[in-house]
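Please look over the model below.

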Amino acid sequence: MQMKTCLHSVGYSGTWGNQASLSLEGFIDKAAELGVDAVELAGKRPHASPLDLTPRRLSAIRHRIADRGLTVACIASYHDWATYFDHMDMAYQEKELVYLKAVLQMASALGAPIVRTYTGFMKEGVPYRKQWDTVAAGLRQACAMAADYGITLALQNHSCIASAPDALLDLIKEVGADNLKVSLEATYIDAHGFPMEETVKRFKGLAVHTHLLDVIRRPVYAYRPENVTFEAVDEDVMAVPLGQGIIDYEGFIRALAAIDYPGVLCMEMCTPLVGGGSLENLDNCIRQSKAYIEGVLAKL
């Protein structure tokens with residue numbers, strides 16, 4: 001069965017710089033226009049926030065998606081389970097769980113089988129293992145909650161806690177929940193310096209979702225007038241269409257096929273884009289990326 005294409009709504013949320021922003025309804029129409037098979041909805045404003053999606057609007061969104069010939073592959077939920085350290089009397093994890101429950105209810109109503117979650121972001125001054133244990137405890141409760149809705153949680157290799165392959169595999173084993181799987185992002189495999197295809201194959205039976213973003217890295221220079229030179233002081237990471245950056249997406253997709261990956265190939269635009277954030281440029285990037293994916297799939 002050939003992998004299907006998917007588009008993440010976050011790229012049309014106006015989050016990065018001057019990127020164009022569409023309403024949730026506008027994004028659904030845009031995804032249909034661009035010819036993808038499925039969508040992933042960001043579970044936050046300006047898109048699929050539980051604060052805004054009343055039962056009536058949820059019903060209208062579900063029908064709009066179906067009418068456009070799309071399915072909802074995943075809802076992206078935005079969590080930091082490495083909490084509970086600054087003020088021990090505050091209900092940090094309970095707040096995360098309340099938000100997750102609202103997202104799970106929304107996913108169930110929209111027919112989304114997967115909810116994406118993060119692990120946690122590093123807190124300076126707090127021992128790493130203490131943060132790890134807090135993340136594991138939060139994920140156990142999250143998985144039990146998701147099981148009540150028949151939904152799989154896809155843990156993305158994104159946040160600081162357990163982002164490297166060995167750590168992510170260890171964390172999933174430690175949590176010990178059948179409905180905790182993985183959302184693989186190739187950019188973070190590359191950022192850690194691990195071999196692409198070999199790493200993907202380690203997640204056979206666990207990978208259920210992906211995010212595809214290609215990037216280039218440009219040095220940022222500061223002028224030093226004392227010796228009339230420029231010094232590289234930082235790095236600017238910018239998005240480009242798939243296949244035009246530094247990420248080995250041919251190897252990534254080939255490895256997914258080798259492990260019988262059951263999910264979609266979800267294009268994500270979550271960083272400033274070369275050429276600017278106009279709607280025209282965003283659309284053009286997605287069209288080129290979709291054509292690239294179809295070209296790679298045709299070779300399999």
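Two strands pair if DSSP finds at least two bridges between them. Strands (E, at least two residues) and helices (H or I, at least four) are DSSP runs, numbered from the N terminus. This is a predicted model: local features need pLDDT of at least 70, side-chain atom pairs count only at pLDDT 80 or more, and totals for chains, interfaces and linings use all residues. Residues are numbered from 1 along each chain as its sequence is written, and side-chain values use heavy atoms, with hydrogens and water left out.

**The sheet**

Strands of a sheet pair through backbone hydrogen bonds, either parallel or antiparallel. Here 8 strands form an open sheet with parallel pairing, in the order S7-S6-S5-S4-S3-S2-S1-S10. Strand S7 (207–211) and strand S10 (265–267) stand at the edges; each has a single partner strand, so one side of each lacks a neighbour in the sheet. From one strand to the next, the twist averages 30 degrees. Axes are lines fitted to C-alpha atoms, for helices over the stretch in contact, and angles run from 0 to 180 degrees between N-to-C directions.

| Pair | Sense | Bridges | Residues opposite |
|---|---|---|---|
| S3 (residues 71–76) and S4 | parallel | 2 bridges | Ile-75 and Val-115 |

Contact means heavy atoms within 4.5 Å.

Is S4 covered or uncovered on its faces? Both faces are covered: Ile-114 and Arg-116 on one side, and Val-115 and Thr-117 on the other, are all buried. Buried means under 20% relative accessible area, exposed over 50%, and partly exposed in between (1.4 Å probe, protein chains only).

**Helix pairs**

Two packed helices are described by the angle between their axes and the distance between the axes. Helix H4 (residues 128–147) and helix H5 (residues 165–175) have axes that come within 9 Å and cross at roughly 55 degrees. That makes H4 oblique to H5. Angles under 35 degrees count as roughly parallel, over 145 as roughly antiparallel, 65 to 115 as roughly perpendicular and the rest as oblique. H4 residues in the contact include Trp-132, Leu-139 and Cys-143, and H5 residues include Leu-171 and Val-175. The contact of H4 with H5 has 8 nonpolar, no polar and 5 charged residues. Ala, Val, Leu, Ile, Met, Phe, Trp, Tyr, Cys and Pro count as nonpolar, Asp, Glu, Lys and Arg as charged, and the others, Gly among them, as polar.

Helix H1 (residues 24–34) and helix H2 (residues 55–67) pack at about 10 degrees, with axes 10 Å apart. They are therefore roughly parallel to each other. Leu-24, Glu-25, Ile-28 and Asp-29 of H1 meet Arg-57, Ile-61, Arg-64 and Ile-65 of H2. This contact has 4 nonpolar, no polar and 4 charged residues.

Most residues other than glycine have a negative phi, and most peptide bonds are trans. A cis peptide bond joins Arg-45 and Pro-46, with omega about 10 degrees. Pro-46 sits in the loop between S2 and H2. Ala-162 has a positive phi of about 65 degrees. Ala-162 lies in the loop between S5 and H5, and is buried at 1% relative accessibility. Val-228 has a positive phi near 50 degrees, and is exposed at 62% relative accessible area.
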